[in-house]
Amino acid sequence: MMSEEYRVESDTIGPVKIPKDALWGPQTERSRNNFPSGELMPLPIIRAFLHLKKAAAESNVEVGDEPKEKGEAIEEAIDHLLALNDEELRKDFPLHVLQTGSGTQSNMNVNEVVANLANKLHPGLNILPNDDVNRGQSSNDTFPTAMNIVAVEALDKLEPAVQHLIDELVVKEKKYWKTVKVGRTHLQDATPLTFGQELSGYISALKHDLSYIKILKPTLYELAIGGTAVGTGLNAAPGMTEKIAAKLSKVYGHDFKVDTNKFWGLAHHSGLDVVHGALKTLAADMFKIAQDIRFLASGPRGGYNELNIPANEPGSSIMPGKVNPTQAEAVTMAAAKVFGNDTTITFTCSQGNFEMNVFKTVMIAAFLDSCDILTGTITGFADKMIHGLTVNKDRMNELLDNSLMTVTALSPHIGYHAAAEIAQAADREGITLREAALKSGKVTPEQYDKWMDYMKMTNVDKHKPEESK
């Protein structure tokens, strides 16, 4: 850089050239040059840091550990930054996820930007990144605190998306509660059920997944702030962290608390690990649901063709009129990413060495990625596939009439062995089950018509739709 394009500042290592108009300082600039690869630090983490620094400044003033004029200047600078849109905010926070595993450089990025802006707004106060903005804190307790906050915030966005999909499935469950179709187990024909019953299984799975997330989420309310460097709380003023938790709880609408083991909070991230396990479970169920829907809609001439899916976009660059189950494909690809993220999080959680885990940045990036892609693909699946989904009743009836496993209804009357012989004869001779049953001499036409009641086989009147439970 030419001299007119930069300014020179020093840190404990020495002088650093920094872009002239940048709000960040030397530690940010070092990290920007030392770690240029990979995704940028997610902005939700930056915003969580800003809320945390504001709460810390207010709390330090209240407990008498920070001069009021400095605390108020820090708060004003942070309010200015929080009011920026994402594009504007990103200009001052250029660091990458793949930096120090403690997140120290992102913590300092926030400290430097806030201090420099506060000094611009209030010349003469000499607000310092470490001594003032970071007062009573350490990267080792602020970054894991921000991690938990953004994880909770991401779950707050995911939960309504899951509920929205449940609601869309419930509409179809009600509509098709008595639409009979062939069942399938082991990828082979099985006894009948209704499409509404099939959907009720999906709804129940998603309800359970949502409950797992809600039950586990409160473990993320335990914040590491107050542990400072190694968990002992050195340099944190008495009463400061309780006030921070109260202020953050008000901002985010959750009951954050600091009455927790700080040595655990810095070295372990068990809460993120266990909650992401619930996200993995959700992803697995979503994979199964999306897979079922796209197979049942396969065709229209060469597949199952039991379902009709919306035509959202042309399906082929060469085959005119082709419609593909793209929303289902997006869900299954998202699930694959979540499975990979879960492996990343499990491994990184295992890497807490002594008093600190140094895989924090990649861990929270993986967690947020899972929440983001699940929220987006689940919403798209609900709105662009399930909402417009219809059934092909003629095809369902055709497959049901040709199914051999409805012979199960004859078994209580003529015995398992005789019923099996009828099914095998129908398959071997290429005739219908009714023809084979009558040909066997073991069933009369009247008996066959009475016993072979598809709707009765489903026991649909003995079950309640999942939405009514």
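**Ground rules.** I number residues from 1 along each chain as its sequence is written, and I work with side-chain values that use heavy atoms, hydrogens and water being left out. Since the model is predicted, local features need pLDDT of at least 70 and side-chain atom pairs count only at pLDDT 80 or more, while totals for chains, interfaces and linings use all residues.

The largest cavity holds about 120 Å³, where volume is the space filled by probe spheres set on the points, and grid points are joined across faces, edges and corners. I then listed its lining (residues with an atom within 4 Å of a point): there are 15 such residues, and those closest to the centre are Asn148, Glu222, Gly265, His268 and His269. By class I noted 6 nonpolar, 8 polar and 1 charged residues in this lining, with Asp, Glu, Lys and Arg counted as charged, Ala, Val, Leu, Ile, Met, Phe, Trp, Tyr, Cys and Pro as nonpolar, and the others, Gly among them, as polar. Helix 7 (139-175), helix 10 (262-267) and helix 11 (270-296) each supply at least two lining residues, and helix 11 gives the most, with 3 residues. Helices here are DSSP runs of H or I with at least four residues, strands are runs of E with at least two, and both are numbered from the N terminus.

I checked strand 1 (residues 6-10) against strand 2 (residues 15-19) and found them antiparallel and joined by 5 bridges; strands pair if DSSP finds at least two bridges between them.

**Asn134.** I located Asn134 in the loop between helix 6 (129-133) and helix 7, where its relative accessible area is 10%, so Asn134 is buried (under 20%; exposed is over 50% and partly exposed lies in between, with a 1.4 Å probe and protein chains only). Its side chain makes polar contacts with the side chains of Asn107 at 3.2 Å and Asn111 at 3.3 Å (N or O atoms within 3.5 Å, one able to donate a hydrogen and the other to accept it, and residues adjacent in sequence counting only if both atoms are side-chain atoms).

**Glu429.** I placed Glu429 in helix 16 (residues 416-429) and read it as partly exposed, at 38% relative accessible area.

Technical notes
1 Å grid on protein atoms, 1.4 Å probe; cavity = no way out; pocket = protein on both sides within 12 Å on 5 of 7 lines; lining within 4 Å.
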